[in-house]
Amino acid sequence: MTVAGSPDLPGATATTEIPEYVQPPDRSSLPLVFTAPRRGKPPTHWADLDPASRRTAVEQAGHRAYRARQLSAHYFEGLRSDPETWTDLPAGVRSELASAFLPPLLTSVRELTCDDGDTVKTLWRLHDGALVESVLMRYPDRVTMCVSSQAGCGMACPFCATGQGGLQRNMSTAEIVEQVVDGARKLAHGRLGDAQGEAPRVSNVVFMGMGEPLANYKSVVGALRQLTTPKPDGLGMSARGITVSTVGLVPRINQLAEEGLPVTLALSLHAPDDELRDELVPVNTRWNVDEVVDAAWEYARTTKRRVSIEYILIRDVNDQPQRAEQLAKVLKRRGSWGWVHVNLIPLNPTPGSRWTASRRRDEDEFVRRLQARGVPVTVRDTRGREIDGACGQLAAGSADVDASVTAPPVRARV
Ligand code: SF4
């Protein structure tokens, strides 16, 4: 995998034209992968089932149907997966239900803490040895859980550690939900910040860990339903606290808009013009800037949820004032009814990358230009940077954990 970027783009000049992107000689040739390789499926877990199928499964296992609700109350509401704590159930029933419906899916391999204990990043090994990661972040007003949706990623973004490793497999619904349940347990046990008073809850979930969530659509929508189903049959979160990030799989964005799940959509745009976006976000060669921004606009119109445009600022590559102007133009062309918000993200360079974060003055100018055009904009807090906070970096830096754990990526050109 080649990570390429030219620090010598003519974008620093004061022309009004979008500067031509200089194609680096060692351009990445990683293919896009939309279909995950078939690997052994993880065992079915309670969090893979809906309430009706839980009752059926419990009955088929020889137990009374009402045990399903008891088990859901322990798992989703009490966050208890240790059958010893299920004292309202007969001892024999407890162990049978636990072994049938709560198989261990995630094994913690490494845990790193920073930001004075307010950020915890966990590297997980899945049942087949694949590695994924999740990050729990406590802020003064909320707790955000960042989850992975695929082991690896097939979208080949050249600035991203996960993209450089290719796609290993899709994660199951329960593997995604278990990351959130683990975060909720950490909070309940006072693992973040001070434990005085009532333990905080996971208020926000962002699908911004490893993987392209909309390339694993079925499992991700299944997880969204488990997160938002009221307790005790689900985690009872508000859809408004959940953000699904995508590089722009247009048919799936359209499908998500019709699911009746008003989650926030975050579109990783990273460039306002096709020439540069083809390079930074290779899926742009399938659905271009106009098409993905149209889909995002339509999503906002249908769900009444403001879309977030994610834009990683890369020094001298996409952070020129002219690109800020063009970004404003692209967004304002769809109207000014508050449908969109731009989230600028200082690049967290991957090891060995020749790309780096924008200079502060360029970042400030980018913000100023967007604001001057009436585009709401914020610069993202770069939590977890000291523990490899960019997606895929913990797993990418953990090849030494167990050389056998990561299967070679299998890729197919589509
Ligand atoms: S930036 Fe996101 S979509 Fe792109 S390769 Fe990385 S994980 Fe995949």
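This is a predicted model: local features need pLDDT of at least 70, side-chain atom pairs count only at pLDDT 80 or more; totals for chains, interfaces and linings use all residues.
Student: Hi! Which residues does UniProt list for "binding site"?

Tutor: Hello! The unreviewed UniProt entry lists Gly211, Glu212, Ser245, Ser268, Leu269, His270 and Asn348 under that name.

Student: Okay, let's take Gly211. Where is the place of Gly211?

Tutor: Look at the loop between strand E7 (204-207) and helix H6 (217-228), and you will find Gly211 there.

Student: Why does Gly211 count as buried?

Tutor: Gly211 has 32 C-beta neighbours inside 10 Å, and a residue is buried if 20 or more other C-beta atoms lie within that distance. Because of those 32 neighbours, Gly211 counts as buried.

Student: And what is Gly211 in contact with, leaving aside its neighbours within four places in sequence?

Tutor: With those neighbours left aside, the contacts of Gly211 are Ser148, Ser149, Gln150, Cys153 and Asn216.

Student: Now His270. Is it buried or exposed?

Tutor: His270 is buried, because 25 other C-beta atoms lie within 10 Å. This residue belongs to the loop between strand E9 (264-268) and helix H8 (274-280).

Student: Which residues is His270 in contact with, again leaving aside neighbours within four places in sequence?

Tutor: There are contacts from His270 to Arg277, Leu280, Val281, Tyr311, Ile312 and Asn318.

Student: Switching topic: how many strands form the open sheet?

Tutor: The open sheet has 10 strands, in the order E1-E2-E3-E4-E7-E8-E9-E10-E11-E12, and their pairing is mixed. E1 and strand E12 (377-379) stand at the edges. Each has a single partner strand, so one side of each has no neighbour in the sheet. Ignoring direction, neighbouring strands of this sheet are turned by 20° against each other on average.

Student: In what sense do E1 and E2 pair?

Tutor: Strand E1 (residues 107-114) and strand E2 (residues 119-125) are antiparallel, with seven bridges.

Student: How do E8 and E9 run?

Tutor: Strand E8 (residues 242-246) and E9 run parallel, joined by four bridges. Within that pair, Val244 has Leu265 in E9 as its bridge partner.

Student: Last one! What does helix H9 lie across?

Tutor: Helix H9 (residues 289-303) lies across E9, strand E10 (307-313) and strand E11 (340-346). Its direction is at about 170° to E9.

Definitions and conventions:
Residues are numbered from 1 along each chain as its sequence is written. UniProt positions are given in the numbering used here, feature names are shortened, and annotations may be inferred rather than shown by experiment. Helices (H or I, at least four residues) and strands (E, at least two) are DSSP runs, numbered from the N terminus. A residue is buried if 20 or more other C-beta atoms lie within 10 Å of its own, exposed if 12 or fewer, and partly exposed in between; C-beta atoms are placed from the backbone. Two residues are in contact if their C-beta atoms, placed from the backbone, lie within 7 Å. Two strands pair if DSSP finds at least two bridges between them. Axes are lines fitted to C-alpha atoms, for helices over the stretch in contact, and angles run from 0 to 180 degrees between N-to-C directions.
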